[in-house]
Amino acid sequence: MPKGSGKVIGQNKKAYHDYFIEETYEAGIVLQGTEIKSIRNGRVNLKDSYARIINGEVFLMGMHISPYEQGNRYNHDPLRVRKLLLHNKEISKLIGQTKEQGYALVPLKLYLKNGFAKVLIGLGKGKKNYDKREDLKKKEAKREIERAFKESHR
């Protein structure tokens, strides 16, 4: 199964708007207690999350996993810091790349693959405002072309 494939639970659509994604990595995620049940229910928000490398380990900050309804006292903190599981070679490569100015690790999507929760993280370079406007213009032009094509075939 290629990376990024599986049952998609949550996506960070804003990441593609704010960053040029240059490389992607598939990482496992360390979960506690009832977190996987909440993930399977689709109660995840990746909107303001980011990844950071601390002491040679990659951590996911700001990802919100809602508490499981039937979890009572076994529930977890929804915004806790979660460790990502990557190979040492990938982590050392990421350390070198994130040292450069303007690069960040951004979670792109959370999905289930063979029963395990996986996070697709991307190495992104921040976009400037004029880049974002240019992307919006291209997207709008493409939409207009598709609309005209659809109208001509009716």
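Trainee: Is H76 buried or exposed?
Mentor: H76 is buried, because its relative accessible area is 9%. Buried means under 20% relative accessible area, exposed means over 50%, and partly exposed is in between, with a 1.4 Å probe and protein chains only.

Trainee: What should I know about the model before going on?
Mentor: This is a predicted model, in which local features need pLDDT of at least 70 and side-chain atom pairs count only at pLDDT 80 or more, while totals for chains, interfaces and linings use all residues. Residues are numbered from 1 along each chain as its sequence is written, and side-chain values use heavy atoms, with hydrogens and water left out.

Trainee: Back to H76, then. Where does H76 lie?
Mentor: H76 lies in the loop between β6 (64-65) and β7 (82-85). Strands are DSSP runs of E with at least two residues, helices are runs of H or I with at least four, and both are numbered from the N terminus.

Trainee: What is H76 in contact with?
Mentor: Apart from neighbours within four places in sequence, H76 is in contact with T34, E35, S38, I65, S66, P67 and R82. Contact means heavy atoms within 4.5 Å.

Trainee: Which backbone oxygen lies 3.3 Å from a polar atom of the H76 side chain?
Mentor: That of I65. A polar contact is a pair of N or O atoms within 3.5 Å; within protein, one must be able to donate a hydrogen and the other to accept it, and residues adjacent in sequence count only if both atoms are side-chain atoms.

Trainee: New topic. Is D48 buried or exposed?
Mentor: D48 counts as exposed because its relative accessibility is 64%. D48 lies in the loop between β3 (44-45) and β4 (50-54). Not counting residues up to four places away in sequence, D48 touches M61 and G62.

Trainee: And N45, where is that found?
Mentor: N45 is found in strand β3. At 40% relative accessibility, N45 counts as partly exposed. Leaving out residues within four places in sequence, the contacts of N45 are G62, M63 and H64.

Trainee: What lies 2.9 Å from a polar atom of the N45 side chain?
Mentor: The backbone nitrogen of K47.

Trainee: Let's zoom out. How many helices and strands does the protein chain have?
Mentor: The protein chain has 4 helices and 9 strands. From the N terminus on, the order is β-α-β-α-β-β-β-β-β-α-β-β-α.

Trainee: How much of the protein chain is buried?
Mentor: Buried residues make up 36% of the 154 residues. As for contacts with a separation of 6 or more, 68% are between residues 24 or more positions apart.

Trainee: Which residues touch the most other members of the largest nonpolar core?
Mentor: I39, V44, L84 and L86, out of 24 residues in that core. The elements that give two or more residues to this core are β2 (19-29), β5 (57-61), α3 (88-98), β8 (103-113) and β9 (116-126). A nonpolar core is a set of buried Ala, Val, Leu, Ile, Met, Phe, Trp, Tyr and Cys residues joined through side-chain atoms within 4.5 Å.

Trainee: What is I39 in contact with?
Mentor: Beyond its neighbours within four places in sequence, I39 is in contact with I9, L31, V44, I65, L110, L112 and A117. There is also a second, separate core of 5 residues, which includes A15, V106, L108 and Y111.

Trainee: Pockets next. How much space lies in the largest pocket?
Mentor: About 220 Å³. On a 1 Å grid over the protein atoms alone, a pocket is an open set of points where a 1.4 Å probe fits, with protein on both sides within 12 Å along at least five of seven lines; lining residues have an atom within 4 Å of a point. Grid points are joined across faces, edges and corners, and the volume is the space filled by probe spheres set on the points.

Trainee: Which element gives the most to the lining of the largest pocket?
Mentor: β4, with 4 residues. The lining includes Y50, R52, I95 and Y103.

Trainee: And the second largest pocket, what lines that?
Mentor: K13, Y16, H17, K127, K132, D135, L136 and K139. About 160 Å³ of space lies in the second largest pocket, and α4 gives the most to its lining, with 4 residues.
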